[in-house]
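Here is a short report for a reader new to this structure. Please look over the sequence and the model first.

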Amino acid sequence: MYILKEFQEKAVDKLLSHTYEALGQPARQVPILLEAPTGSGKTVMMASFLERFTDELPLQPGLHNNVAFIWFAPNTLHIQSFQSLQQLYADTSKLNCIDLSNLSASPVLHPKDLLFVNWSSLDSLKKIWRRENETSTNLETLLEKTRANSTKIILVIDEAHLAAFSGAQAIAVRNLIKAEIEILVTATPATRPQRSVFISRQEVVSEQMIKKGVRLNIGLDPDQQNGENVHVHLLRTAFAKKEELKKLYEAELGPNKVNPLLLIQLPSDNASLSAEDKSIRDTLVGLLDMEYGISTSNGRLAVWLSGEKDKDGLEEPNGFQDVLIFKQAIAQGWNCPRAAVLVSYRTVQSPDFGVQTVGRILRMPHQRHYQADDLNYGYVYTNIESSRINLVPTDTDFFLPQYAERVKQENLLFDTLASATIINDRPSKGVLSSAFETVFFNLMEQRFGVRQLPDLNLFTPQAAEQIEQQSANNRQAFRQNLWEFDIDEHQIIIPTDIELDPYEVNAIVLETNQVQRFAITVAEFKTMFDRFSYDNITRLNRSKSWKKLRETLLHFAEYYLGLFETDARKFYLYPQNKALLVPLIAQALERFEAWQAARGNEHRRVETKAWEVPELRYYSEVYVHADAVHHALEPFFEYINASDPEQQFKGFLTQHAASIDWWYKNGDQGKEHFAVPYTNLQGELALFYVDFIVKFKSGRIGLFDTKTKRSDQEAPNKHNALVAYMEQENAANPDRQLIGGVLIREELGGVITFRYCSNRIEDTNDLTGWNFLNPAELA
């Protein structure tokens, strides 16, 4: 039998209260959320809730007594939950735990049945429990027979944050079940329904069930790298920490009580670059065997990979295994309190990284804190490059990407606009060809004003001097745009010796003394550059295109900057340069895809879709946090190379904040941002992404694109297309009245003003007749 902590008892009381209240309402499928951090005992709380609910239900006036339960879980987590609750109910037999194999040929749920179901057995109409069959052993028949006995159903959805439970098939299955109540159990909810039970990490830490926090890259020292790659250095340092913790356990508990487990998370496989993953694994396995005597053959190395599961006895406090190698298999539900140190080689993109993976090393082996305080922390070693650590209150998710959310404020309305998307009717091959090199070179020439180095005989002094001069000019053009050329092998900037407080909600921008530079070997540069090239094929077939991208980047470095292969990789992978390069690659791929798909303009057409300020937007590392008043998303992130007119207009909006409801800094590519179609100087159909969308107090909306005089040859075409768009929209929606256009900064008598034109224009130099933007008049 189980004994609940005080915070668990309170949570169960709240769950029961919400459930009784919901059952008294006529609506079905009422959602109730149990939000609790990893290690808080969610399964035990749910076991207590279900048992108490079945005991107390007859005492609730007006409620039906016949209730059965279905418990959904992803992967094989339903088996773990099934076994746990079966054991918890062993003495009382209050509920009958069953799975699909226990159901008869004529399936039905009886009162107090608790059916555990693997979600993957129902997530497709092709699955046997979804389709019709001769024996009628399917979900629909089960539900019909259960309801025929007047038995109500309560649905429990474990790990409810996963997209699997919110997709079209999940909704279809949940609508088919039509449970009276849906109880959502997760550490990281996507949304919070009205009826929610929240348990903070502080409550769980105070009960000493989980550790106080996480220490990141403790003891990681570039002076100890000794020419080895970062992968090896991370493992050496992490293993030394594991051995240190083992001695602390022995000093406090005695020998052989707790053997701290070291977790190694490898990158995920992919069809084209799996050799990298295998190389990392082979290197680490070889090091563990040769230097520490740890291998699968002697049982000290456990493996939990696809097709490989050698982990018997792993969860025991004094388990024989010292190291576990895994990928993503232990992301949900795995309970191994002796797990103490995590080495992660993954490219962390999911916001669930901290909660689901770091959470594995936050449990306490004896559900109490120890006198040696070092044992009360989890330890993470990772080669993630970050100068920013985000702390979220729900759990230790330290490696979140930057994101902002739409402001939630009463009476603040976000209008819907018609936004354009260009469609190519001609099917695309979706593979980079040699033509991409020309597309990329042209983009870089336009962006930086560089010219290709002359193809001359290097052995003549005049030619060498001419080439060197052009190379120097090109490099200077890049330097003026914040690119760095003075680079050595110490390129990876990694946070070190950081202790993180998981209860802080603010992002921490690390100080210079909190990060260190680590060396990259030549072989590691090659592997990392291959991975970079693969990851940045975002629009086409990755496995067939990444090598062409790699070749194009190397050729550009050679033909324009005079950098050959090894130095080119260093140049591109330098964090500052990499952040600047990624959006340029994306833009070139977009241009190439348009060229490849259309091969002209006759196959292109425009489709419109409804657009409004997004509820959530992610920002890459080329954006930094900045101050802003009335921006529609909070916090505000600004592009690191934001133009002077953009920054000046942001200040202008701040000065006139009293006349503005909100404003939004639009993106410059992608379907998620607002765009207007126009025909460019080449006669091609293109998209115009305005810089700013402004909602004035009057309800009017301004669409503005900041320029300087004659700074953009396409400005008249863009402006005139925007004017045509606004005329059409205003005719259809006369109450709204869009205004805007190209916006030119002008200083008059020491006062900065901005001017726009309501009519079509021929250039942006003559501002005669242009309007002065006065938000007070528009409000």
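## Asparagine 680

Leaving aside neighbours within four places in sequence, asparagine 680 is in contact with Ala686, Glu714 and Asn717. This comes from a predicted model. Asparagine 680 sits in the loop between strand 28 (676-679) and strand 29 (685-688).

Is asparagine 680 buried or exposed? Its relative accessibility is 11%, so asparagine 680 counts as buried. The cut-off for buried is under 20%.

## The chain as a whole

The protein chain has 18 helices and 34 strands. Of its 779 residues, 53% are buried.

Contacts in the chain can also be sorted by sequence separation. Among those with a separation of 6 or more, 73% join residues 24 or more positions apart.

## Nonpolar cores

In soluble globular proteins, nonpolar side chains tend to be buried together. Here the largest nonpolar core has 44 residues. Which of them touch the most other members? They are Met46, Leu50, Phe53, Trp71, Leu85 and Leu114. Helix 1 (residues 6-23) gives this core its largest share, 8 residues.

Take leucine 50. Leaving aside its neighbours within four places in sequence, leucine 50 is in contact with Phe69, Trp71, Leu85, Tyr89, Leu95 and Leu114. A second, separate core has 43 residues. Leu432, Phe485, Ile487 and Phe592 are among them.

## Helix 1 and helix 2

Helix 1 packs against helix 2 (residues 42-56) at an angle of about 45°, and their axes are 10 Å apart. That angle is why helix 1 counts as oblique to helix 2. The crossing is right-handed.

Which residues make the contact? Helix 1 supplies Gln8, Glu9, Ala11, Val12, Asp13, Leu15, Leu16, Thr19, Tyr20 and Leu23. Helix 2 supplies Met45, Met46, Ser48, Phe49, Arg52, Phe53 and Glu56. By class, the contact of helix 1 with helix 2 has 10 nonpolar, 3 polar and 4 charged residues.

## Helix 12 and helix 14

Another helix pair is formed by helix 12 (residues 522-535) and helix 14 (residues 565-573). Their axes come within 10 Å and cross at roughly 55°. Helix 12 is therefore oblique to helix 14. Helix 12 passes helix 14 in a left-handed crossing.

On the helix 12 side, the contact uses Phe525, Lys526, Met528, Phe529 and Phe532. They meet Arg569, Lys570, Tyr572 and Leu573 in helix 14. The contact of helix 12 with helix 14 divides into 6 nonpolar and 3 charged residues, with no polar ones.

Conventions:
Residues numbered from 1 in each chain as written. Predicted model: local features only at pLDDT ≥ 70, side-chain atom pairs only at ≥ 80, totals over all residues. Heavy atoms only, no water. Axes fitted to C-alpha atoms, helices over the stretch in contact; angles between N-to-C directions. Helix = DSSP H or I, 4+ residues; strand = E, 2+ residues; numbered from the N terminus. Parallel < 35°, antiparallel > 145°, perpendicular 65-115°, else oblique. Left-handed = near helix turned anticlockwise from the far one by under 90°. Contact = heavy atoms within 4.5 Å. Nonpolar A, V, L, I, M, F, W, Y, C, P; charged D, E, K, R; others polar. Core = buried A, V, L, I, M, F, W, Y, C linked by side-chain atoms within 4.5 Å. Buried < 20%, exposed > 50% of the residue type's maximum accessible area, 1.4 Å probe, protein only.
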